[in-house]
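Student: I am new to this structure, and I would like to learn how its features are read. Could we look at it together, one feature at a time?

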Amino acid sequence: MRSSDVPVAVTARRAVVAPPEGLRGLLLDIDDTLLSTREAMREAGAAAALSLWPHSGPGLAKAAGRRYHCDPQGHFRAFTRGELDLDSMRRHRVREVADWMGASCSESDVARWKGVFDEVFGAVLVVFDDVLPTLQRCRESGLPLAFLTNASADYTWVKLQRCGLAELVREREIPVITKDTLGVGKPAPAVFEHAAQALGFAPSQVAHIGDELDVDPLAALAAGMGAGWVRRPGYEVSAPELATAAEHGLAPLPGLHEAVSALIVQDAGGFGSAASAR
């Protein structure tokens, strides 16, 4: 087994870091924390590649879908930093996949890719099984929530609507902070500070849970928050990531339920003790 493919279930020490001043609010990442974005992107990318270049065959198309999601040239990170707009980011990613496949790619091909991709992506994207029960638990416990994502506002709402979360967000008035809110996304500290303010708390009273180690839990800790790291079953984690996480008191958890529960338990004298007294 390669060190880059260490299964979470074998290595997890299951540690989180509570906010310095106690848990008063919670920020949740959306993609691959609440929604099955990785698998949906890979399936949609494979369908788009096979539609544009049918000669490639299912095997190569599947690999193309994985490559589109992996984004080896970092175009999504450039979008997050405000260096690319959404359309340019997606165009660069499609063209990179085409170059990798040795295929030509015109502007009309890019448009066709987006059409096929969006249709399939929306059809297969789902909410993870533990999300709704965990959101309900937070509501019953009186723990305020906000969603924090590096995706664009419009695209985020499309995903929430397709998965049936949009109505819940509106009903419960859950703030949704996207990359469009400030023009940049995580790991910028200002994004976490703004999200904490949206909940009415200082960063030191809020925890953030997400799946990408550097832009979610580590960035939250750098902003003065608490943090939890979710890596769902099948989502690989590298040995260097585990070591870095351990240095910060973190280890991967297999789901949102485990991360929220661990934060409440870890928050001795804060929200956890108050909630247990109810």
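Student: Which residues in H2 and in H6 meet each other?

Tutor: On the side of H2, the residues that meet H6 are Thr37, Ala40, Met41, Glu43, Ala44, Gly45, Ala47, Ala48, Ala49, Ser51 and Leu52, and on the side of H6 they are Asp109, Arg112, Trp113, Val116, Phe117, Val120, Phe121 and Val124. Sorted by class, the residues of this contact of H2 with H6 divide into 13 nonpolar, three polar and three charged. Please keep in mind throughout that this is a predicted model.

Student: How is the packing of two helices described?

Tutor: In general, two packed helices are described by the angle between their axes and by the distance between those axes. In this structure, the axes of H2 (residues 37–52) and H6 cross at roughly 140° and come within 8 Å. That angle makes H2 oblique to H6, and the crossing in which H2 passes H6 is right-handed.

Student: At what angle do H6 and H8 pack, and how far apart are their axes?

Tutor: Helix H6 (residues 107–124) packs with helix H8 (residues 153–162) at an angle of about 40°, and their axes are 9 Å apart. Angles under 35 degrees would count as roughly parallel, and H6 and H8 are therefore oblique to each other. The crossing of H6 past H8 is right-handed. From H6 the residues Phe117, Asp118, Glu119, Phe121, Gly122 and Ala123 take part, and they meet Tyr155, Lys159 and Arg162 in H8. By class, this contact of H6 with H8 has four nonpolar, one polar and four charged residues.

Student: How do H3 and H5 pack?

Tutor: Helix H3 (residues 57–70) and helix H5 (residues 86–101) have axes 10 Å apart and pack at an angle of about 140°, which makes H3 oblique to H5. H3, too, passes H5 in a right-handed crossing. The contact is made by Leu60, Ala63, Ala64, Arg67, Tyr68 and His69 of H3, together with Arg90, Arg93, Val94, Glu96, Val97, Trp100 and Met101 of H5. The residues of the contact of H3 with H5 divide into eight nonpolar, one polar and four charged.

Student: What is the order of the strands in the sheet?

Tutor: In general, the strands of a sheet pair through backbone hydrogen bonds, either parallel or antiparallel. Here an open sheet of six strands shows parallel pairing, and its order is S3-S2-S1-S4-S5-S6. Strand S3 (176–177) and strand S6 (252–253) are the edge strands, each of which pairs on one side only. Inside this order, strand S1 (residues 25–28) runs parallel to strand S4 (residues 206–210), and four bridges join them; one example is Leu26, whose bridge partner in S4 is Ala207.

Student: Which strands does H14 touch?

Tutor: Helix H14 (residues 256–266) packs on the sheet and touches S1, S4, strand S5 (226–230) and S6, while its direction makes about 160° with that of S4.

Student: How many helices and strands does the protein chain have, and what does it span?

Tutor: The protein chain has 15 helices and six strands, and along its principal axes the C-alpha trace spans about 65 × 45 × 30 Å. With 278 residues, a compact globule would have a radius of gyration near 19 Å, and the 19 Å of the protein chain agrees with this.

Key: Residues numbered from 1 in each chain as written. Predicted model: local features only at pLDDT ≥ 70, side-chain atom pairs only at ≥ 80, totals over all residues. Heavy atoms only, no water. Axes fitted to C-alpha atoms, helices over the stretch in contact; angles between N-to-C directions. Helix = DSSP H or I, 4+ residues; strand = E, 2+ residues; numbered from the N terminus. Parallel < 35°, antiparallel > 145°, perpendicular 65-115°, else oblique. Left-handed = near helix turned anticlockwise from the far one by under 90°. Contact = heavy atoms within 4.5 Å. Nonpolar A, V, L, I, M, F, W, Y, C, P; charged D, E, K, R; others polar. Pairing = 2+ DSSP bridges. Rg over C-alpha atoms; globule rule 2.2 N^0.38 Å.
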